[in-house]
Amino acid sequence: MCALRLSHARLPATLEIDVRDEFGDTRRQAIAAERALTVYLNKREIVTLMTLGADPEALVVGYLRNQGLVLSREDLEAVHVDWGVEAAAVVSRRAPEDLEARLGQRTVTTGCGQGTVFGRLLDTVGLAPVPPTPLAQSTLYALLENLGAYNDTYRSAGAVHGCALCHQDQVLDFVEDVGRHNAVDTLAGRQWLNESELASSADLFYTTGRLTSEMVLKVAQMGIGILVSRSGVTQKGVELAERFGVMLIARAKGRHLQAIHSAERLIYDAVPALRAGDRKAAKR
């Protein structure tokens with residue numbers, strides 16, 4: 001089988017512009033890049049993604065993978081990104097027989113940057129329950145501290161979301177993009193392309209964004225059983241997490257957390273001391 005041909009069209013995630021601050025002084029400020037990238041699969045236009053452009057090939061591959069439009073890594077022949085025409089051309093040895101029907105059925109989701117799931121995806125993707133991975137409370141706290149070393153683009157420019165592939169408290173790979181869906185797609189693409197360090201050992205996924213149905217579905221497709229966010233969760237996200245066996249941990253900030261579908265998987269080995277004003281303390 002011929003090797004996959006990939007372009008390497010990465011662009012800087014930020015650029016600088018002049019701004020005036022509250023004192024009327026002019027200074028240079030980094031801002032997040034936002035670039036349009038139209039994806040073509042076997043010359044068929046699929047979607048236009050808004051992205052930083054930091055790893056476009058992995059983003060495109062992960063997007064097609066998560067939408068069920070490319071079924072196997074071995075089907076891919078070439079992924080070529082050309083920023084001159086703002087396009088990504090993907091050549092695949094095969095595509096779903098019902099491609100046109102899928103493209104005609106789209107659901108606009110709550111995602112930012114891009115948030116479209118093709119119709120009938122839940123019916124056509126045969127997902128087995130994900131591994132019931134346990135997680136210690138102390139490990140979660142250690143992971144949240146380790147994640148503090150990342151978010152480079154957010155710290156310098158803001159306006160982005162970050163996602164991470166993790167093995168317990170170790171961050172294996174971290175991606176920032178305009179929307180959290182782009183970030184998770186890029187990690188899915190890297191995992192498929194074997195470009196993410198130790199990606200096969202990932203058992204936890206972290207995101208700065210909401211735990212929506214699309215986020216749960218994408219993580220389940222990656223075979224990961226724990227999804228953590230510093231943000232909240234939606235009803236449909238909870239329903240899909242129960243369906244696929246994903247443990248959700250929402251509102252994970254500092255020593256706070258809200259665990260959903262955790263049962264005996266979350267091990268409470270680092271319960272924080274009650275402080276004056278805590279709701280539980282107030283009931284005593």
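Me: In which helix is R65 found?

Reply: Helices (H or I, at least four residues) are DSSP runs, numbered from the N terminus. R65 is found in helix α1. This is a predicted model, in which local features need pLDDT of at least 70, side-chain atom pairs count only at pLDDT 80 or more, and totals for chains, interfaces and linings use all residues. Residues are numbered from 1 along each chain as its sequence is written, and side-chain values use heavy atoms, with hydrogens and water left out.

Me: How many residues of helix α1 are buried?

Reply: Buried means under 20% relative accessible area (1.4 Å probe, protein chains only). In α1, residues 56-66, eleven of the eleven residues are buried, so the helix is largely enclosed by the rest of the structure. Among them are P56, E57 and R65. After α1 comes G68, with a positive phi near 75°.

Me: What is R65 in contact with, leaving aside its neighbours within four places in sequence?

Reply: Contact means heavy atoms within 4.5 Å. The partners of R65 are V70, A188, Q191, W192, Q221 and M222.

Me: What is the average pLDDT of the chain?

Reply: pLDDT is the predictor's confidence in each residue, from 0 to 100. The chain averages 85, and 86% of the residues score at least 70. Over residues 107-115 the pLDDT is below 50, and this stretch has 30 contacts in the model beyond near neighbours in sequence.

Key: Buried means under 20% relative accessible area, exposed over 50%, partly exposed in between (1.4 Å probe, protein chains only). Helices (H or I, at least four residues) and strands (E, at least two) are DSSP runs, numbered from the N terminus.
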